[in-house]
Amino acid sequence: MISTERQLWIYDVMNKIRCFELKAFQLFQENKLRGSVHLYVGEEAVAATVCSLLRDEDYITSTHRGHGHCIAKGAQLDKAMAELMGKATGYCKGRSGSMHIADFTKGNLGANAIVGGGIPIAVGAALAAKLRGSDQVAVSFFGDGASNQGIFHESLNLAAVWKLPIIFVCENNGFGISVPTWQSTAVEDISVRAQGYNMPGYTVDGNDVYAIYEVMEKAIERAKAGLGPTLIECKTYRYLGHWTGDPQPYRTREEIEDWKQNRDPIKRMRKRMLEEGVTTAEKLDEIERLALEEAEKAAEFALNSPEPDPSTLMEDVFYEGV
Amino acid sequence: MSIKTYAMAIRDVIAEEMRRDERVFIMGEDIETLGGIFGCTRDLYKEFGTERVRNTPISEAAIVGAGVGAACAGMRPIVELMYMDFTFVAMDQILNQAAKTRYVFGGKAKIPLVIRGQQGIGRGNAATHSQSVETIFMHIPGLKVVCPSTGADAAGLLRTAIRDDNPVMFFEHKALYSVKFEVPDDPEFMIPFGQADVKREGSDVTVVANLLYVSRALEAAERLAEEGISVEVIDPRTLVPLDLETIVKSVKKTGRLVVVHEAHRTAGWGAEIAAQITEEAFPYLDAPPLRLGAKACPLPFNLGLENAATPQVDDIVKAVKATLYR
Amino acid sequence: MAELVIMPKQGLQMTEGTITSWYVQEGEPVTEGEPLFEIETDKLTITIDANHSGTLLKILHQEGDVVPVAEPIGIIGEPGEDYSNLLSGLNASNAEDQTSSEQLKGEESKEERREADLSTEETSSRRILSTPRARLRAEELGVDLAVIVGTGPEGLITEKDVLAYAQTVKTTKEEASSRTEAIAAPNVAESLSDKETSIPLTNMRRIIAQRMHESLSTMAQANHRITVDMTQAVELRKQFMDNNIKVSYNDIIIRCVARALTEFPELNSSLTETSIVRKHYVNIGMAVAVPEGLIVPVLKDADRMSLAEIAIQTSDLALRAREGKLQEEDCTGGTFTVTNLGMYDIDSFTAIINPPEVGILAVGKISKQVVVGDEDKIEIKPLMVLSLTYDHRVVDGAPAARFLKRVKQLLEHPLLLI
């Protein structure tokens, strides 16, 4: 059972993510964002729910579609937006842009532009926790496409054989850019692969906060008990293209609309919370409004932030301090 | 001072550092009971246990990635790769993750990771197990590159590497492991990075060499001394950071430079040194800087062919004389 | 009518001379044709006779002064005569002389450079290839790259080429800068203490020192020796003497050498940075010892002279050398040198090549020696050792040996000269 507080937290985070992403999309269309962004719209339940069970000292690594995880792991919207715009006030001083956002103070070991690149890093963080004898856990977020990378298999095997406190969360949104999973992946449910590595595997509705929460709780318990990793597959869907500007010839408008209208994670949670009398509509409206406001403020902050000074170019290649 | 092999020098430093700092641990293939196929971790598991001396599956990418993650999460991992040729299997984790994480994350992370292993010719290991790959890691920014040529250098530089808060690529040489050297016993003996070593003083020609080629260059220098040619041999020890100043000072004195390495000649690190020296010491040059390196072919198994593919002492002698127009 | 006494030009390349002695003091009478003063150039020392009679009214340049050619150094006239008009013209002509002597200097140094280059007219458009370090050294040492022979590929001037040349430049520079102080009291020995005597260097000594050193430091000198049976030469000389033609052994040697040089032009050449220049004429220098040191007058076209002509020339040159009456031209243009110390009982010796030549033949004394003849018979013959020093940069051992052998052959069978 999820506490009210936590449910509200999750709802809040989902909305923040949604507003942030849509705002970023708008800025991109207004040509105010360089490069491209990979938007998480529609997948918010996974990041929000998983991270609701994590503390600041727990670790995550994420993907090129990482704004959601970043925000869910405690990032401030303004600094995140500033980073998207490459400003000096961004989380990474404008060096990383969208795909490498990190905040080590909140255990976010970074989004990763290389598909699967972050998986072994999360394994390493879990290894550190084990060596230290602490009760920290690590979560590796990755997509269905990454589950076909060699590094996925190496990482699962390594984590399993060493019984590391890590949860592998696969966000299966049905596509690897334009390639549907049935075309690229030998199995229908990616969670099946857990068997190959002697760990429990679950497939859940990735747009159902409560379903995710249930398995995630179990997985964390298992990890903290020193029993090793778990693979959780969350089946979800992204409303927007792979990247901003993706013309999406590979799916139909009807399909997208179906998910938006009938399976939207935020709508569903709102409905359930109201049905179960967890909170009031006003409260939820308030959360939604504030989320939108915050996203707007973040955009303003980012737009008004300075560019990084070119003289700082060579800083931080190496750590030179004591 | 003790007399010990290059491999033991390395082993002893790993042990001393693991004693000193419980965050230091080492993982790699066959490093536990076997003690590493070259003995660099012999019996360490007996003292430190199998948590801190970990055998890994054959998963170079995952091991290196785990090293990056553990370093990000506050540990000080040493990853042993059995052959540095296998860095190719883990390239994304080394060049994209380890090298870039600190910078790309705005300086927030420290990645105190050492990736160490051996490379080079000498055991008939053929094309995919005999390469010299240090040049590649000099090229992509974000990694320190260390190549010790003696037991003492290995000890002093490895300690510095382990205590460095940055990712360090530490290249040992398979043919040096069983060679005995004088090694200081001081558990604080450290050689700073970015400090080249003049292994032999001379006045006519500067020869820059690393790893196995330091001893070959010294051999060539002996031969040339008999002909009245005085050769100065410099071992850069670390390619990143590079101590160019010592080499410049030497070339200003001698006017002539030969760089010899086991890595392939084309786009090898010798070309970088030659170019930098030409830029920094052009008016002092009496001849164009020359580079010797392996030929542009994969290294063959047959010893005669392997010798033909790699620079020999004769070649160094000839190159030195060429800079003297002899 | 007062007349100017000027520094006389003594030879094509002279640009200045040093007054070493005035034989007449100011105010004393001067007789035309009598020695008036002595000058020294880098080739020789010459006594100059007065062109006019009268009184030496004024000495404009003292002993030790270095004076450009044609510049006035004194005035001869009647006592009490007004010679101020000569003096006023002097300043103007001084200036003129200066510019012309500068021009001359410029020409001369160009010529010198050309000489040093050992090259022909083509060199002015030549590209100088040199390494950066060579240029650095050249700048440090104040050396002109144009005069250096490069030993690197395609004539590349390398550091060692510059260093090798720098020595000669150094001595030349020292020589040039000290010319003014040159001869305060050239022949006076200063005794510093009972244990040492310091003798200031004369110009000739400086020149000899510089040229000897330059010769050895720029060339790769090697040496061959051969023993010659002078029986036939002795006979030849007797024949000439019996016919009242005075001929020395040295003359015979010169005759044979001149012939051999036409057959071995490589020994009659000089080196540039890109070529070996073979001369089509044979001018043999003969070294003559003089009190001040050494002088090498030259027999021009020795290959076209008969033995008798050679004999006449050599004795004339030797006499003039000893009397200090040689002209500048007498000492230039040599293509090979013969030097003889036989009169000092020297068996054999190694001479130093006279640049820009590539060979020098050192002749020892003739002495009766026991030799093993045909059928192992013991015989007594007059033997003489010839020692050839040659520049191995230009001439290899075998051709040098062949040349020497040919000289021997001619000396042992002089009828071959017919």
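Mentor: Two residues count as in contact if their C-beta atoms, placed from the backbone, lie within 7 Å. In chain C, residues 24 or more positions apart account for 64% of the contacts with a separation of 6 or more. This is a predicted model, in which local features need pLDDT of at least 70 and side-chain atom pairs count only at pLDDT 80 or more, while totals for chains, interfaces and linings use all residues. Residues are numbered from 1 along each chain as its sequence is written, and chains are lettered from A and ligands numbered from 1 in the order in which they are written.

Trainee: How many helices and strands does chain C have, and what share of its residues counts as buried?

Mentor: Chain C has eight helices and 20 strands, which are DSSP runs (helices H or I, at least four residues; strands E, at least two) numbered from the N terminus. Of its 418 residues, 35% count as buried, a term that requires 20 or more other C-beta atoms within 10 Å of a residue's own, whereas exposed means 12 or fewer and partly exposed lies in between.

Trainee: Why is B:Arg20 called partly exposed?

Mentor: B:Arg20 has 14 other C-beta atoms within 10 Å. That value falls between the limits of 12 and 20, so B:Arg20 is partly exposed. The residue belongs to helix α1 (residues 6-20) of chain B.

Trainee: What makes A:Lys163 and B:Ala267 partly exposed?

Mentor: A:Lys163 has 17 C-beta neighbours inside 10 Å and B:Ala267 has 14; both values lie between the two limits, so each residue counts as partly exposed. A:Lys163 has a positive phi of about 55 degrees although it is not a glycine, and B:Ala267 also has a positive phi of about 55 degrees without being a glycine. A:Lys163 is in the loop between α6 (150-161) and β3 (166-172) of chain A, while B:Ala267 is in the loop between β13 (257-264) and α10 (269-281) of chain B.

Trainee: Which residues touch the most other members of the largest nonpolar core?

Mentor: They are A:Ala122, A:Ala125 and B:Val207, in a core of 209 residues. It is called a nonpolar core because it is a set of buried Ala, Val, Leu, Ile, Met, Phe, Trp, Tyr and Cys residues joined through C-beta atoms within 7 Å. The core draws at least three residues from each of domain 1 (2-183) and domain 2 (197-323) of chain B, with bounds from an automatic or database domain assignment. Leaving aside residues up to four places away in sequence, A:Ala125 touches residues including A:Tyr59, A:Leu109, B:Ala70 and B:Cys72. A second, separate core of 71 residues includes C:Ile76 and C:Val338.

Trainee: How many residues of chain B are in contact with chain A, and which element gives the largest share?

Mentor: 35 residues of chain B are in contact with 35 residues of chain A. The largest share of the chain B side, nine residues, comes from α3(B).

Trainee: What kind of peptide bond joins B:Val240 and B:Pro241?

Mentor: That peptide bond is cis, with omega about -10 degrees, and B:Pro241 lies in the loop between β12 (238-240) and α9 (244-254) of chain B. A cis peptide bond also joins C:Pro355 and C:Pro356, with omega about 5 degrees.
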